[in-house]
Amino acid sequence: MHDVVGAYQRLNHIYQLYIKSAFPLRYRSLAAERDRLLQQPGILSQPPLIEPVPIYPSSGRDLQTAVKQLPGKYHDLAQLGKMLFENGIELYQHQWESLESVLINQKDLVVTTGTGSGKTECFLLPLLAHLAWESSTWEASPSPPINHCWWDVQGDRVSQWEHVTRPKAMRGLILYPLNALVEDQLRRLRKALEAPEIHDWLDRERGTNRITFGRYTGQTPIPGEPTPDKIKRLRNELDECAKQQQNLLQANLSLNPDLPYYFGRLDGGEMWSRWDMQDTPPDILITNYSMLNIMMMRSIENDIFNITRDWLAELNHPERQFFLIIDELHAYRGTPGTEVAYILRLLFSRLGLTPDSPKLRIITTTASLSDNAEGRKFLREFFGRDDKQFAFITGQQRQPKVNAKKSLVNYQDAFADFAKSVQSDPLQSMAQPDLNNQNVENARLTLANQLGYSASSGTSSEKLGEALTTVDAGEALRDACQAVNGSVRATNVKDLEQQLFPNLQRATNFVSDSMRGLLLALGMSKLANGRSPQPVRGHLFFHNLQSLWACCNPSCTQVDQIQRQSDPPTIGAIHANHRLTCGCGSRVLDLIVCEVCGDVFLGGYKSTRKLGNLTVDILTPDQPNLEGIPDLVVMNQRYANYRVFWPLPGETPAWTTQPQVLKWTVDKIKRQWVKAKLGKQTGVLIQDSTPPNTDKNEIPGWLYQVTGDDLDQPALPTKCPRCDADYGERRKFPTPLRIHRTGFQKACQVIASGLLREMPAPSQKGLGSSRKLVIFSDSRQDAAKLAAGMELDHYRDMVRLLLIQSFSQYWDDLIAFLRITGANNPASLAKLQTLNANLYSAVTQAADDQTRRDRFANANPTLVTEALFWVMGLPASNQQASSAWLGLLKHYPERIPLLELRQKVRDALLECGICPGGSSFRALNYSIGQNQGQQRYSWFECYNWTGNLVRRIFPATQTQTDHATRLEDMLTAELMNPLFDHMVRTMEGFGQGWVSY
């Protein structure tokens, strides 16, 4: 991503469009007021924070040079650790200090450097150095037995490393707080230890031994004792891994060199299963504290700890050490931290160690532990170890040049022109600028010249990168951050603009073109070594809209009443923050909107009071039962505690507008709209039909009422009184009225989808891409719901888009099919001219398109058989299909059979690698057999993926045929969503097409 400011503007715009789509408003003036409200900082989003990626001092040593300054026994680290760094890349000073502290000074480590500073290398380097030394003492590994790959042959399971003779033990334990971090570390270890050049070195120098490692989490196969059924499951999993390896051998890795490290190698050092790790503890075990606790409570994992304990206790081996590596140490504070501290003490005991043992080496990383009395007290209490044993590696950033922020003032117009040339309006194309566009090329060269750089060699991006370095652009940005915060850290982009371009006249946009141009230039340039002159990290903050509130006074003084004259709303000002009263003195209540017609309603929690002899309800946006609040987990709107009021002010006489239906029944419960009056200042709700009292500032309207004693009904009505949209038959959300709040899941999907589009996509289909989007949630339950919900929403969005796309492309595919199949049959073209002259004209004028022809044939296999008979002048073999074919020719370019569009949507989903039936377990899997003999298979095994087009596998088993048919039936059901699921937001409502019979 090279346009962080434009990306923020586009994401913010998309988010606002989602809200406008989900909550349409009947009154244009009210919609405009809401738009202005949502554009205010802090309501939906905050201006981005710009963080220059920290620049840490280099040690002046690459890995080859660094190891020469270590004791001689560690020199093989240069070979074993070579994949941790690109060729010629120097270690940061703090990475060298980590090696020095652990290997020379025999210290424990606390690494507190920032994100992206290479903390992982700080703990991997000492661990790999120790393994490189120890592995030099190992006996050569005997050849594995013939049946080593036991899943390929009939016979019993063979333990992965039972044939090796070198000492077996767990040398290092890497502990993470989250499984997601475990998975990322596993990939990095694969790259470090499973690369071909590392295997070659181990074969040559270590007698074909391997450095073994394994992930031990809930995802590791197979839990429990080995039973015939579980061994069969493991056999299937390993067989699947072997197939993945074969596929990788055929892949073009030049497109994505890191692709192999997302999969395990069966011939490498990664452990195959839990049982293999129980038989032979891996040199490096990766897990989380929860699984570690479980492992130490079960007998099945005893050998992992017992074998390691015996290895550590073996006589005459004082050099042996156990590395305990804990990432994100700051995550273990408070009660959870105490629990983990006890788990570690139990671990030490199981390994025959004490917290102060010289055979224990602790390395930890954290972002928020300081080298002070409090920090060292935490280390002492958490590990039970003398805090003097710990060395803090802080990795201080290199300070920016003094007053460098002033160096760009003279170039503010040049940066502004650059932004306008590259992309004058970030919202026009709704995409990142194209780096390969000629205008961008010219703009980079122009800016480089304006910055005073005139060298003739290099690409335009390299010239711009060198020019930015010459004028100290990176230093200026870092110095501006330090001027605002006192240190180089994430800073509001507006504050940076004030520091860098103080004389600039503020633009109407949230930042100037000069500021955006500077950030664009840094993102679209590079130096001769391929690196950015100053990498920048953007922090974008978006807020889930919890609710909007509205003043109940339509004559509210907090809005411009002149702008409301053309279509005056029935409510006053909209508020983004909760409050009891508006600035005009009137009561503020929940804003409720009909998602069909956009009319507005007011909602509030009720409190019943006596006013003389009259019993009234008083509405507030708060739960009035203060004594019960500690016990209220969710503020549910039920009819027992909440009321919905439809305000209709300004009518003469009052209540001239009436609900479409005054009384109706749902689930045998009667519901109705009754006349009522709402006090503007008091929120008092009076149910009677006497004219409103102007002295009491009463607003006439209609109150929703549920009759009878069942007060636990939903507070929102099943019908809209304005448009009569009826959701009474729906089980989920049985009301067209919506309280104005965004759903967390949908909001996340909207922003995540937009963010992914901002990341550079592969330049062409099939190429690898480095873009990656990870979504975290503090709650496991929320994370599970979010993952499943976003997957389903993404699938449904794809179905809707592909339905529209297929609808527009269908006739072009038919034309290509007729063009190619009828080329050698002039008689068929003559018949076509008689049937449909328009289609004949389109076919004879079209160019040959083999891809479209194949796509039509693949989507319509039954129809195509009869089509070929028709082209060749042969009798029909299937009269129904033949009639459908002739009807299709006659109806061009009008109606398209929905089932034929379904086939095109199916093919497009398969081309994207998406299951046609959706993301449910039933769609993603099919099974063969029953009970103990049941085996599950993935949906994609029903298709052949080797050709240009994905087709059903042939020959297919009956189960595969049934599942592929089931997926198409499920797709048919999903196609109904964009066609019929919503009263307004349908294909017909969007003007894309309509359903006919």
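How many of the eight residues of strand 1 are buried? Some notes on this predicted model, starting there.

1. Strand 1 (residues 45-52) is mostly covered, with six of its eight residues buried. Its partners come next.

2. Strand 12 (residues 536-542) pairs with strand 1 through six bridges, in the antiparallel sense. If you want a spot to look at, Pro 52 sits opposite Val 536 of strand 12. Strand 1 also runs antiparallel to strand 11 (residues 491-492), with two bridges joining them. There, Ile 50 faces Thr 491 of strand 11.

3. Now have a look at helix 14 (residues 373-383). Its buried residues include Gly 375, Arg 376, Phe 378, Leu 379, Phe 382 and Phe 383. These span an arc of only 150° around the axis, so they lie on the same side of helix 14. Over on the other side of helix 14, you'll find Ala 373 and Glu 374 exposed.

4. What do the buried residues of helix 14 pack against? The list is strand 4 (108-111), strand 8 (322-326), helix 13 (334-350), strand 9 (360-365) and strand 10 (390-393).

5. Last, a helix pair. The axes of helix 15 (residues 412-423) and helix 21 (residues 513-523) cross at roughly 75° and come within 7 Å. Angles from 65 to 115 degrees count as roughly perpendicular, so helix 15 is roughly perpendicular to helix 21.

Terms used. Residues numbered from 1 in each chain as written. Predicted model: local features only at pLDDT ≥ 70, side-chain atom pairs only at ≥ 80, totals over all residues. Heavy atoms only, no water. Axes fitted to C-alpha atoms, helices over the stretch in contact; angles between N-to-C directions. Helix = DSSP H or I, 4+ residues; strand = E, 2+ residues; numbered from the N terminus. Parallel < 35°, antiparallel > 145°, perpendicular 65-115°, else oblique. Buried < 20%, exposed > 50% of the residue type's maximum accessible area, 1.4 Å probe, protein only. Pairing = 2+ DSSP bridges. Arc of directions from axis to C-beta. Contact = heavy atoms within 4.5 Å.
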